[in-house]
Number of protein chains: 2
Amino acid sequence: MDKLYVIKIGGNIIDDSMKLKSFLKDFSSLNDKKILVHGGGKLATRMAEELGIEQKLLDGRRITDAETLKIVTMVYAGYINKNIVASLQSFDCNALGLSGADGDSILAHKRVHPGMDYGFVGDVDAVNSDLISTLLEKNIAIVFAPITHNQQGQLLNTNADTIAQEIAKAMSELYDVELIYAFEKSGVLLNADDDSSVIPEIKPSYYQELKEKKKIFAGMIPKLDNAFAALKSGVNKIIIGKAEDLKQLTEGKSGTSIINE
Amino acid sequence: MDKLYVIKIGGNIIDDSMKLKSFLKDFSSLNDKKILVHGGGKLATRMAEELGIEQKLLDGRRITDAETLKIVTMVYAGYINKNIVASLQSFDCNALGLSGADGDSILAHKRVHPGMDYGFVGDVDAVNSDLISTLLEKNIAIVFAPITHNQQGQLLNTNADTIAQEIAKAMSELYDVELIYAFEKSGVLLNADDDSSVIPEIKPSYYQELKEKKKIFAGMIPKLDNAFAALKSGVNKIIIGKAEDLKQLTEGKSGTSIINE
């Protein structure tokens, strides 16, 4: 099977145009098949403020009402996605941007939660691996915006980490998939305040041990639980590390690798 | 050769959600391969106003400065494009939205004009018929936003009529192309004030005659000149008519057909 990188970048890279450009240059130079999933950054929040749209929070969670959905569709699927694609084209990387509605690439349903309405938030049901592989086989890098649809005409705001994970899982039937979460830290840290305390490798048994000894920063646990779930679903390897170190992450020279025993 | 419809819809349809929905339903029911090209509508102008971005005009022409480009990228390639795609999906039409940067589908250059800087406006150089036909052959309807790129990382605002025409020309090598301009009038009218005075068919010789006798409404001349240019470049037929009559337009029962002698 061919290797496929599914790489998720967070808002801190999106918000820094120099860092983003440098990351996209590194991404372009990866010779294997590749998919980029991007989050939102601060632009959507800023745009909402400028348009006088109030951010709605419920129990500390952001609610995607109709106006917020409109903004994230414009900013994520429009501005950010198309500028990333144009930038990749300038580095001779033929890229194509998609939302989950495009080609029915990611089908979702509006989140159902007892006693809580998240608004237009989608939970993923299916990834169209046939369309994705057709594009990859034409040597096109796919850039996903974190917007899905429900097949009934409704766009839905969807967590970018989850999208990356669901794509990685679905594509594992056809490719040898490595899922990379590129963020602001150098990897999973033993000491949250010390960026040099990266754990180079975590296997399931060691993760149990780290959790029991409470050596994992609480904020990392959902990310790691998701990573191990992806591993169980056929993803070959999950790497968590710094966006600036993309090349080293792919070479196993930086970041934390989550692998099977 | 298979038949391919390239259909351009104007802003007046985009701005009317009921008309748009009805049009998209009709579009979905066309059994042949199909491409939709959409313009902008009033949303971009409204959004610019709300954000306090001044529209710049030079000799009566709108200039696309950096802020305006940002807005049209968000509104055209994001909000309008993705909502059209999601709506088509709800009518069981598998659609996929593209800007010209996506898959390098439409390459352009920044307009060069002596004594006049239009800003980030693109004139089309090439259409990637290989990518477009790959998607069409998977029975995907393609929805184009009027945004292109210059291969150097710059997105460019591009006239939707021109995009439709350039796509129709490029695809004529592979398909039997009919180019439809769906707008607010019933076709090319002999009397601009009488919507029942539609000319059913115009061939080049008759067009010359109409122009000489000044029987063509001046505003229609650039559209018709473009239509005849497309005809010369291999497009089989150009139909100009009312968006609400899409089915009848494809059946030759409504609108004006521009065909060779």
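Student: Why is B:E184 called partly exposed?

Tutor: Count the C-beta atoms. A residue is buried with 20 or more other C-beta atoms within 10 Å of its own, exposed with 12 or fewer, and partly exposed in between, the C-beta atoms being placed from the backbone. B:E184 has 13 neighbours inside 10 Å, so it counts as partly exposed. This is a predicted model, in which local features need pLDDT of at least 70 and side-chain atom pairs pLDDT 80 or more, while totals for chains, interfaces and linings use all residues. Residues are numbered from 1 along each chain as its sequence is written, with chains lettered from A and ligands numbered from 1 in the order in which they are written.

Student: How do you know where B:E184 is placed, and what it touches?

Tutor: Its place is in the loop between strand 11 (176-183) and strand 12 (201-202) of chain B. Helices (H or I, at least four residues) and strands (E, at least two) are DSSP runs, numbered from the N terminus. Contact means C-beta atoms, placed from the backbone, within 7 Å. Not counting residues up to four places away in sequence, B:E184 touches B:N12 and B:K242.

Student: What makes A:I147 count as buried?

Tutor: It has 30 C-beta neighbours inside 10 Å, so it counts as buried. A:I147 sits in strand 9 of chain A. Leaving aside neighbours within four places in sequence, its contacts include A:V72, A:Y76, A:L155 and, from the other chain, B:K82. A:A227 is 80 residues from A:I147 in sequence and 21 Å away in space, C-alpha to C-alpha.

Student: How do you know which element gives the largest share of the side of chain A that touches chain B?

Tutor: Start with the totals. The contact takes 34 residues from chain A and 34 residues from chain B. Helix 4 (66-90), strand 5 (95-98) and strand 9 (147-149) of chain A each give two or more residues to the side that touches chain B. Helix 4 of chain A gives the largest share, 14 residues. By class, this side has 12 nonpolar, 16 polar and 6 charged residues. Nonpolar means Ala, Val, Leu, Ile, Met, Phe, Trp, Tyr, Cys and Pro; charged means Asp, Glu, Lys and Arg; the others, Gly among them, are polar.

Student: What makes the relation between chain A and chain B that of a two-fold axis?

Tutor: Look at the rotation and the shift. A rotation of 180° with 0.0 Å of shift along its axis superposes chain A on chain B, with RMSD 0.0 Å. That is the relation of a two-fold axis. The same surface serves both copies, as 100% of the contact residues of chain A recur in chain B. A:G78 comes closest to the axis among the residues of chain A, at 1.8 Å (C-alpha).

Student: What makes the buried residues of helix 5 of chain B line one face?

Tutor: Helix 5 of chain B (residues 129-137) has B:L131, B:I132, B:L135 and B:L136 buried. Their arc is 135°, so they line one face. The face turned away carries the exposed B:D130 and B:E137. The buried residues of this helix pack against elements including strand 8 (141-144) and helix 6 (160-171) of chain B. B:I142 touches B:I132, B:L135 and B:L136, among others.

Student: What makes a set of residues a nonpolar core, and how many residues has the largest?

Tutor: The members are buried Ala, Val, Leu, Ile, Met, Phe, Trp, Tyr and Cys residues joined through C-beta atoms within 7 Å. The largest has 162 residues, and B:I142 is one of those with the most contacts inside it.

Technical notes: Contact = placed C-beta atoms within 7 Å. Arc of directions from axis to C-beta. Least-squares fit on C-alpha atoms with pLDDT ≥ 70 in both.
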